[in-house]
Amino acid sequence: DYTTQVFAMRPTGVLDSLGNPIKEAIEISRGITAYGNFFSAGTELEWMADVTDFAPLLRDSVDIQTFYDGWKRGPLLTMWFEMVEGTPPMDVYRVEKVYAGSFRYGDPNNSIENALVPRTFPVGNNGEVATLKITTTGHGFGGTDNAAEFSPKTHTVAINGAQAFSHYLWRDDCGRNPTFP
């Protein structure tokens, strides 16, 4: 099982030393490919992701970049965007990246809190609602307490230093997916 990420490349307004625009990669979707040992050549699977909350990044012309993090031959990916006409549930006026990358969990010598330090984001006058998107895969465990995709955990989000949300991250029906059995 390997991670496949899709990024919208947002211009920063800064040029590199050669005069090329520097772009910031904003992850808009992530998928975990299934263990491929059981698939025959030509197997096709389909994943869908709603990227409506990233609409400000997807206007006009935008570079899209994908990244496959695997050791075996990578899959052949085809991606398309379906634009649905209508009124979105809310207007998104700003997208901020909170963290990027992967962070080890369960490593007694390097707590995940060392990487996930508190961040401050002013809401401003336009903001009535803030949405935080978290993608957790179970990869990158530190080797203790079986802290990977085989171990149920509760994830928490703190706002102004106080726990505001928690999510028990566990399903007992993961075998019911497009790749079963």
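Contact here means heavy atoms within 4.5 Å. The views below are taken from a predicted model.

**View A. Surroundings of Val51.** Leaving aside residues up to four places away in sequence, Val51 touches Ile28, Leu58 and Phe81.

**View B. The largest nonpolar core, made of 9 residues.** Val51 belongs to this core, together with Val6, Ala8, Ile26, Ile28, Phe54, Leu57, Leu58 and Val95. At least two residues of the core come from strand 1 (3-15), and at least two from strand 2 (21-32). In soluble globular proteins, nonpolar side chains tend to be buried together.

**View C. A nonpolar surface patch of about 380 Å².** Ile64, Met79, Phe81 and Met83 make up the patch. Phe81 is also one of the residues touched by Val51. Met79 sits in the loop between strand 3 (63-69) and strand 4 (153-159). The relative accessible area of Met79 is 40%, so this residue counts as partly exposed, a class that runs between the 20% limit for buried and the 50% limit for exposed.

**View D. Asp107 and its polar contact with Asn109.** Asp107 is located in the loop between strand 3 and strand 4. With a relative accessible area of 17%, Asp107 is buried, because buried means under 20%. Its side chain reaches the backbone nitrogen of Asn109 at 2.9 Å.

**View E. Thr78 and Glu46.** Thr78 lies in the loop between strand 3 and strand 4. Thr78 has a relative accessible area of 64% and is therefore exposed. The C-alpha atoms of Thr78 and Glu46 are 9.5 Å apart in space, while the two residues are 32 residues apart in sequence.

Notes:
Residues are numbered from 1 along each chain as its sequence is written. This is a predicted model: local features need pLDDT of at least 70, side-chain atom pairs count only at pLDDT 80 or more; totals for chains, interfaces and linings use all residues. Side-chain values use heavy atoms; hydrogens and water are left out. A nonpolar core is a set of buried Ala, Val, Leu, Ile, Met, Phe, Trp, Tyr and Cys residues joined through side-chain atoms within 4.5 Å. Buried means under 20% relative accessible area, exposed over 50%, partly exposed in between (1.4 Å probe, protein chains only). Helices (H or I, at least four residues) and strands (E, at least two) are DSSP runs, numbered from the N terminus. Patches are made of residues with over 30% relative accessible area and no salt bridge: like charges are joined within 9 Å, nonpolar side chains (Val, Leu, Ile, Met, Phe, Trp, Tyr) within 5 Å. Accessible areas come from the Shrake-Rupley method with a 1.4 Å probe; for residues, only the protein chains shown count as cover. A salt bridge is a side-chain nitrogen of Lys or Arg within 4 Å of a carboxyl oxygen of Asp or Glu. A polar contact is a pair of N or O atoms within 3.5 Å; within protein, one must be able to donate a hydrogen and the other to accept it, and residues adjacent in sequence count only if both atoms are side-chain atoms.
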